[in-house]
Amino acid sequence: MRIKPRVLWFQAVTCNGNTHSLLCANPNRLELFLNSFDLIYHPSLTSDVNLTDILNSDDKIDFLLVEGAITNNTNFFSISNESTKDLLNKLALKTTYVIAVGSCASYGGVHAKFELNDDITGVQTSLDKKIASKLRHKIINLTGCPVHPEWILQTMFIIKAQGKIQLDEEQRPVEMYSTLAHHGCTRNEYFEWKVESDHYGTKEGCLFYDQGCRGPMTKSSCNKILWNEVNSKTRVGMPCIGCTETDFPRENMLETKKHIGIPFETPLDISKRAYLSLTGVAKTFKIGRLQNKLIEYD
Amino acid sequence: MKMSVGNMYNYFSSKEELAKYAIKYSTNIIAAELREINNMDISSKDKVFLFTQKYFQSIKESPEVVEYFLRVYLSNREVFANGCEGFLCVGDFVTEVMILLEDGAKNKEFREQDFFTAFSMFMGALGGFAFLSGENVLERDVLEYSDEIAENIYRALKYED
């Protein structure tokens, strides 16, 4: 690989959230990235060349980062009168590694829910099979809404160093997606003892039973690699909405679906019987410390 | 059992320990039966009928199991206060009832309601009838009431559009 691999950021049907996320990366890490890679094009940044120049040149792209969902329907979205599907395939033809940045690029995300256009999908589905087969590596999906900037940077540095990266069954890097959002949540003890928070924004209480938290069934590093190096959704009292999983976005996202007061879904790979047995035991005991406020302000 | 009282204390450190073990043992028998029914591929209504039948069979064949629950466990809570708090000693059975009720609501056979109200409809009817059987006031064999009781339980829980 080149000493400074050439990176092109292609935006399709997107809210721009992953770009926002990347540009909010730790400044030192972003500087290291810009010094280690040659970011030849990003639509939100000034560059010497535009997309047409790149398509018309013989130069190869080492990393094609795709943000946003893909559609062939130019009535809804086009770039210079071309569909995002056509542009994606043309760019992929000159690319070594394709990374789908965010849930929309990975599998369609929010935009795939749009009812008036059923032709909105992710990169894997939109890429011509012949072109995909010529890539050096399987398409890497960085699911998330948005994706954490570190997940992008770490993925690229790993591939730059090793030429490959281990993926899970959804083609997500295992380094970032083998843990659950639940791991590292500061509310774990409340989860253990079934002490629930009754509204958002509290320091105390679990958000799983009443607030719709998907942390125990969502693969992500949100509580391992903190956002803005400080925090995460669940740490501030906002339930995880499971944005890295392919069923995102779900209906009634901030509700825990229950039948007869029993959660419909249990933590990942935990059987209903096991979950209910432990819950029954935990709820039997009222731990005084966990019922009280963590801090009593003067 | 042909075992002396003294010999019992080789296995249990106190009467309370024996009492707690007995309640766990006896409810686990009923829990195992309900687990088997829960795992069957039948409707929740049929599960209610089948479990009611099995429960009444227990009342008839091993009345001491249900009697122990009603007349010892429920009536002497202080004996079980330490180590059998809440559902601790009857947890396996309660878990199976939860699964039965949740499956029923999920399949829209039972209507949505609070777990405790649904639980009391189910177990209240069965426990109440076990009490009547223990008092020897029933006019017919206890098994003959099984379907009627199950029908009452089902109607109390069933889903309505």
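Strand β5 (residues 95-101) of chain A is largely enclosed by the rest of the structure, because 7 of its 7 residues are buried; buried means under 20% relative accessible area, exposed over 50%, and partly exposed in between (1.4 Å probe, protein chains only). The model is predicted: local features need pLDDT of at least 70, side-chain atom pairs count only at pLDDT 80 or more, and totals for chains, interfaces and linings use all residues. Residues are numbered from 1 along each chain as its sequence is written, chains are lettered from A and ligands numbered from 1 in the order in which they are written, and side-chain values use heavy atoms, with hydrogens and water left out.

**Strand β5 of chain A and its partners**

- Helices (H or I, at least four residues) and strands (E, at least two) are DSSP runs, numbered from the N terminus, and two strands pair if DSSP finds at least two bridges between them.
- β5(A) pairs in the parallel sense with strand β3 (residues 61-67) of chain A, over 6 bridges.
- In this pairing, V101(A) of β5(A) has E67(A) opposite.
- β5(A) also runs parallel to strand β7 (residues 140-142) of chain A, to which 3 bridges join it.
- L142(A) in β7(A) stands opposite V101(A).
- In a regular strand the side chains alternate between the two faces of the sheet.

**Interface between chains A and B**

- Chain B contributes 21 residues to the contact and chain A 14 residues, where contact means heavy atoms within 4.5 Å.
- About 1400 Å² is buried between chain B and chain A, with 66% of it on carbon and sulfur atoms; buried area is the accessible area (1.4 Å probe) that two parts lose on being put together, summed over both.
- There are 2 salt bridges between chain B and chain A, a salt bridge being a side-chain nitrogen of Lys or Arg within 4 Å of a carboxyl oxygen of Asp or Glu.
- K272(A) and E102(B) form a salt bridge through their side chains (2.5 Å, N to O).
- On the side of chain B that touches chain A, the elements giving two or more residues are α2 (15-38), α5 (91-106) and α6 (115-134) of chain B.
- The most comes from α5(B), which gives 8 residues to that side.
- The residues of the side of chain B that touches chain A comprise 8 nonpolar, 5 polar and 8 charged; Ala, Val, Leu, Ile, Met, Phe, Trp, Tyr, Cys and Pro count as nonpolar, Asp, Glu, Lys and Arg as charged, and the others, Gly among them, as polar.

**Salt bridges over the structure**

- Over all chains the count comes to 22 salt bridges.
- Side chains of opposite charge can pair when their charged atoms come close.
- K20(B) and E17(B) form a salt bridge (3.3 Å, N to O), and both lie in helix α2 of chain B, 3 residues apart, about one turn of the helix.
- K20(B) is buried, at 11% relative accessibility, whereas E17(B) is partly exposed at 35%.
- R71(B) and E135(B) form a salt bridge whose closest N and O atoms are 2.9 Å apart.
- E135(B) lies in the loop between α6 and α7 (146-157) of chain B and R71(B) in helix α4 (residues 63-73) of chain B, so the pair ties together parts that are 64 residues apart in sequence.
- In chain A, a network of salt bridges links R214(A), D247(A), R250(A) and E265(A).
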